[in-house]
Amino acid sequence: MPTPALPAREVPAPPGWRRWWLGARPRTLTMALTPVVVGASLAWAEGAGPRWAVLVLTLACAVLIQVATNLLNDVSDFERGNDRADRVGPLRVTAAGWATPAEVRRAAWAALGIAAMLGLLLVWIGGWVILAIGLCSIAAAWAYSGGRRPVSYRASGELFVLVFFGLVAVAGTHYLQAGHWSAAALPAGFAVGAMASAVLLLNNYRDIAGDVAVGRRTLAAALGPARARAVFAALMLLPFALPAWLALREPAEPGAWLAFLALPLALAAVRDLGRLSGQALNPVLARTALTQFTFGALLATGLLA
């Protein structure tokens with residue numbers, strides 16, 4: 001295991017809870033919220049009655065698992081020497097010296113523990129299928145950064161995100177709301193998950209130089225800049241086939257066209273990736289996550305209109 005990096009930058013620790021708020025990476029939490037909102041809206045559009053308490057529990061579990069994943073990634077990157085002084089991304093809690101690795105790891109497992117307890121209520125409602133989804137999601141939160149070959153260090157990270165932040169989250173939420181599976185949940189999950197994968201791809205594209213230096217073989221590093229930009233464009237633009245399909249199929253959901261209002265944001269992200277690099281990509285990364293949330297929110301609104 002590489003020697004842990006020294007604190008990346010000497011920055012005073014934020015007071016109280018704020019360091020943990022930053023450690024949770026709040027700008028990424030929309031990636032957990034969006035598939036739940038889309039899955040629930042699709043179920044309601046297909047005739048299921050809203051189950052508000054179930055929705056709140058689902059949102060809470062999704063966010064807690066995302067927070068735990070972020071914290072485990074924070075401490076893992078520090079211990080593996082990936083958060084170095086020349087890091088171009090935002091500050092990390094462990095690398096900045098705001099918390100010890102043990103404190104960050106305890107916080108991560110606390111978030112997973114709370115998610116598991118809340119998830120038991122969802123298991124009682126949804127049965128063994130939800131139990132399987134919950135156990136796989138918790139295991140995935142650990143596998144993303146843990147073990148000898150963490151997912152975040154391999155080219156399969158984007159596929160991992162597409163599956164858990166797209167297909168599983170949308171289909172699982174739909175099942176909890178409707179009590180059955182839907183053929184539309186999988187393409188909806190692919191669309192939402194593809195944009196979430198684009199967020200990770202952009203993050204790794206920005207960090208190619210630092211990742212290669214520590215032996216991190218992400219998809220962006222494996223593809224190289226030019227092909228990574230092409231894949232990013234596909235992940236951002238292919239999801240717009242979903243609202244067109246929903247609007248034109250039988251029974252039609254014409255309100256799905258509303259999601260096309262997010263297309264200018266997606267095109268802007270593709271353009272910016274082609275002309276910016278390094279720290280200049282940090283705002284683009286935040287806007288890419290916002291684009292996914294905007295797409296999901298507009299799609300959900302259109303389905304319910």
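The radius of gyration here is taken over C-alpha atoms, and the globule rule is 2.2 Å times the number of residues to the power 0.38.

**Entry 1. Overall dimensions.** I noted at the outset that this is a predicted model. I then applied the globule rule: for 305 residues a compact globule would have a radius of gyration near 19 Å, and the protein has 19 Å, so the two agree. I also took the extent along the principal axes, where the C-alpha atoms fill a box of roughly 55 × 45 × 35 Å. I looked up burial next and found that 51% of the 305 residues count as buried.

**Entry 2. Secondary structure and contacts.** I counted 13 helices and zero strands in the protein. Reading along the sequence, I wrote the pattern down as α-α-α-α-α-α-α-α-α-α-α-α-α. For contacts I took residues at least 6 apart in sequence, and 78% of these contacts join residues at least 24 apart.

**Entry 3. Cysteines.** Cys61 counts as buried because its relative accessibility is 9%, against a limit of under 20%. Cys136, with a relative accessible area of 44%, is partly exposed.

**Entry 4. The second largest pocket.** Cys61 turned up again when I went through the second largest pocket. This pocket holds about 580 Å³ of space. I listed 32 lining residues, and those closest to the centre are Cys61, Ile65, Ile133, Gly134 and Ser137. I then asked which elements give two or more residues to the lining. They are helices H2 (30-45), H3 (52-79), H4 (101-126), H5 (128-143) and H6 (157-178). H5 gives the most, with nine residues. I sorted the lining by residue type and got 24 nonpolar, eight polar and no charged.

**Entry 5. Thr291.** I located Thr291 in helix H13, which covers residues 281-304. Is Thr291 buried or exposed? Its relative accessibility is 2%, so Thr291 counts as buried. Leaving out residues up to four places away in sequence, I found that Thr291 touches Met195, Met236, Ala262, Leu265 and Ala266.

**Entry 6. Helix H11.** I looked up which residues of H11 (residues 241-248) are buried, and they are Leu242, Pro243, Ala244, Leu246 and Ala247. I then checked what covers these buried residues of H11, and the cover includes helix H7 (185-206) and H13.

**Entry 7. Backbone details in two loops.** I found a cis peptide bond joining Glu250 and Pro251, with omega about 0 degrees. I placed Pro251 in the loop between H11 and helix H12 (263-275). I also looked at Arg25, where phi is near 55 degrees, a positive value in a residue other than glycine. Arg25 sits in the loop between helix H1 (18-23) and H2.

Technical notes
Residues numbered from 1 in each chain as written. Predicted model: local features only at pLDDT ≥ 70, side-chain atom pairs only at ≥ 80, totals over all residues. Heavy atoms only, no water. Buried < 20%, exposed > 50% of the residue type's maximum accessible area, 1.4 Å probe, protein only. 1 Å grid on protein atoms, 1.4 Å probe; cavity = no way out; pocket = protein on both sides within 12 Å on 5 of 7 lines; lining within 4 Å. Points joined across faces, edges and corners; volume = space filled by probe spheres on them. Helix = DSSP H or I, 4+ residues; strand = E, 2+ residues; numbered from the N terminus. Nonpolar A, V, L, I, M, F, W, Y, C, P; charged D, E, K, R; others polar. Contact = heavy atoms within 4.5 Å.
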